[in-house]
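Open the model in your viewer and keep the selection panel at hand. We will go stop by stop.

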Amino acid sequence: MKPYRGLAIIFGFYALGEMVSSGLNLPVPGSVLGMLFLLSALLSGAMKLEWVENEAELFVKNMSVLFIPPGVGIVTYLGLIKAQLVPISVALVISFVVTLFVTAKTVEVVRR
């Protein structure tokens with residue numbers, strides 16, 4: 001019964017995030033809001049990590065399988081990607097550099 005509890009909690013927070021995102025017309029995806037709600041519940045102590053830990057590990061271990069549908073969807077737009085290759089590449093490089101910089105600065109601040 002424990003695996004069902006963990007899955008119900010994870011999917012419940014996912015559904016809550018989706019409802020809040022669509023109900024308030026927020027530009028943030030509901031799945032992100034749901035995970036933020038789950039994080040806040042864990043940090044506040046309203047929920048125990050043990051309740052969702054095994055199920056979350058299952059999702060992380062099988063993450064590559066979970067990304068197959070978006071990868072197949074990208075193939076559908078291959079012509080558009082080829083036409084916009086330069087802007088996409090520039091955006092990827094800039095976002096990589098910004099992420100690298102922000103991560104490095106965050107680590108510096110945390111280590112002090």
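Contact here means heavy atoms within 4.5 Å. Helices (H or I, at least four residues) and strands (E, at least two) are DSSP runs, numbered from the N terminus.

This is a predicted model: local features need pLDDT of at least 70, side-chain atom pairs count only at pLDDT 80 or more, and totals for chains, interfaces and linings use all residues. Residues are numbered from 1 along each chain as its sequence is written, and side-chain values use heavy atoms, with hydrogens and water left out.

**Stop 1: helix 1 and helix 3**

Select Lys-2, Pro-3, Gly-6, Leu-7, Ile-10 and Phe-11 in helix 1. (Ala, Val, Leu, Ile, Met, Phe, Trp, Tyr, Cys and Pro count as nonpolar, Asp, Glu, Lys and Arg as charged, and the others, Gly among them, as polar.)

Now show helix 3 whole, residues 53–61. Its axis lies 8 Å from that of helix 1, at an angle of about 70°. Axes are lines fitted to C-alpha atoms, for helices over the stretch in contact, and angles run from 0 to 180 degrees between N-to-C directions. The two helices are therefore roughly perpendicular. (Angles under 35 degrees count as roughly parallel, over 145 as roughly antiparallel, 65 to 115 as roughly perpendicular and the rest as oblique.)

**Stop 2: helix 1 and helix 2**

Select residues 2–23 for helix 1 and 30–44 for helix 2. Their axes are 7 Å apart, and the packing angle is about 125°. That makes helix 1 oblique to helix 2. Among the contact residues are Phe-13, Tyr-14 and Gly-17 of helix 1, and Gly-34, Phe-37 and Leu-38 of helix 2. The class count for this contact is 11 nonpolar, five polar and one charged.

**Stop 3: the core**

Which residues form the largest nonpolar core? Pick Ile-9, Ile-10, Phe-13, Leu-38, Ala-41, Met-47 and Val-52. (A nonpolar core is a set of buried Ala, Val, Leu, Ile, Met, Phe, Trp, Tyr and Cys residues joined through side-chain atoms within 4.5 Å; buried means under 20% relative accessible area, exposed over 50%, partly exposed in between, with a 1.4 Å probe and protein chains only.) Helix 1 gives the most to this core, with three residues.

Centre on Phe-13. Not counting residues up to four places away in sequence, Phe-13 touches Gly-34, Phe-37, Leu-38, Ala-41 and Met-47.

**Stop 4: the loop**

Go to Asn-25, in the loop between helix 1 and helix 2. Asn-25 is not a glycine, yet its phi is positive, about 50°. Asn-25 counts as exposed, at 68% relative accessibility.
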